[in-house]
Amino acid sequence: MRASKLLFIVLFWAGFAVYGQNKQLLYDFVEIPQSAMVNPGVDTDFQWYAGVPLLSGMSLQAGLSGLSVNDIFADDGLNINDKIRERAIYGMNPRDELSGTFQTELLSFGFRGKNPDNFYTAGMYIEGDAIGYWFQDYAILAFEGNADKLNQPFDLGQLKTRGELMNVFHVGLNKKVDNDLTIGVRGKLYSSIFDFNSTKNKGTFVTKEGVNNIYSSTVEADMQLRTSGLNGLKDAVDEGTVGSTVAKRALLGGNLGLGLDFGFTYQLNDQTVITASLLDLGFVYHSKDIKNYSLNGKATIEGIGIILPDDAADPNADFWQNLVDDVEDFVPFEDNEDAYIAFRPTKLYGSLRYNFGERVDSRANCACGVNASSNRARVKYVNSVGGQLYIINRPRGPQMALTGFYQRRFGNFMALKTTYTIDKFSYSNIGLGLSVQAGPVNIYAMADNLLSYGNLANSHYASFQLGLNIISWGKK
């Protein structure tokens, strides 16, 4: 099988199967190498690690706020049209969303340098992000029409959506400054496969009593949809070259961008730790395979105009086509191929952790060389408890989640982490994460919103993560 076809299959199934957003279970779970992906300044004690390709870091998440499948399709004796009207069209608001992101590691490894205070990481992963907000006024207009809503303006600015699929190459440095402070930075090279966004729309649509007809409709809009890569993919489907097209774009043949991650871990004392990270501070410059659409201006249409008896005497008159031509003439709809910059959805994490109970000795080499900043590896404790903060930049402003957690270690063999998270999707999100170390093999699995698993159709959120790594701590 050609490499391009293999990579396309990987990207295709990753896009359908793997989603992830707030990784509160993985964050600061120091026994797992992938914790460095959500905080490049994590306090790690590995000598080296290597992720099993395609299996080292996978996660799934999908969220829908304001509505669940059960709200519409439950067998409750109510008319489905009434449920759609009351629970969806009027029950949701423009801040409700359907969103998800995904990330699957294709390659992941890390190793300690000659200076044991420096730990280097590198790899490649496929990532996508998409969000769409509920356009309530559009739904009302489509479901009920505008005949009995004279003088009521419909907000065209409620249309906000964006999405992207890309391959990401990264290299990072994790440095132990002293026995209390560890910092990290990671550089990223984004290779875009496709992108679309329409997030800064403004305008109204309103119907009033007409002068030359019964009604007049006025649209005043400043709207834009920007796309990159979609036309090329459509052509590739027609030509049967999707695999090679996607592979070429994923391997630096598409639109490119740059990004940075930052993070730190600071020991306030032997048992109290604060951490923070800032991820995907970056952008992609789109200049290839661009197709943008805009609607900018104001126009008023009074429908089909018929002047009797003159128009009745013309058998070739096409009144509907005349109306279509009028709309196209009056409404300034345009398309272009202008390059644009798309900024990544930047994420912020922070945590405060308190360790207590019996001590668990580190498996790491003590790093006692003359170049080392510390003469011992940081001791772990059986129990940890604390809180975490997560913020992501979204088209309607920052979106936040708060998490409380408890972690329990069973020697160096196994660790459990349980979380309780509050966000816009749920106020009862309980998660559980497990990391097992069998010799050099690390296996982890995590699941969120466990209380909803009894009836997923009634859930607003579902998530899981899993991975497989090989880890070495060196000789003690």
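Before the first stop, here is how a patch is put together: its residues have over 30% relative accessible area and no salt bridge, with like charges joined within 9 Å and nonpolar side chains (Val, Leu, Ile, Met, Phe, Trp, Tyr) joined within 5 Å. Accessible areas come from the Shrake-Rupley method with a 1.4 Å probe, and for residues only the protein chains shown count as cover. A salt bridge is a side-chain nitrogen of Lys or Arg within 4 Å of a carboxyl oxygen of Asp or Glu.

This is a predicted model, where local features need pLDDT of at least 70, side-chain atom pairs count only at pLDDT 80 or more, and totals for chains, interfaces and linings use all residues. Residues are numbered from 1 along each chain as its sequence is written, and side-chain values use heavy atoms, leaving out hydrogens and water.

**Stop one.** Select Met 400, Leu 402, Tyr 420, Ile 422, Tyr 427, Ile 430, Leu 432, Leu 450, Leu 451, Tyr 453 and Phe 464: they make a nonpolar surface patch of about 1,000 Å². Strand 17 (399–410), strand 18 (414–422) and strand 19 (429–438) each give two or more residues to this patch. Strands (E, at least two residues) are DSSP runs, numbered from the N terminus.

**Stop two.** Now pick Leu 451, in the loop between strand 20 (441–448) and strand 21 (461–472). Leu 451 counts as exposed (over 50% relative accessible area) because its value is 60%.

**Stop three.** Jump to Asp 261 in strand 10 (residues 256–267). Asp 261 is buried, at 0% relative accessible area; buried means under 20%.

How values were computed
Helix = DSSP H or I, 4+ residues; strand = E, 2+ residues; numbered from the N terminus. Buried < 20%, exposed > 50% of the residue type's maximum accessible area, 1.4 Å probe, protein only.
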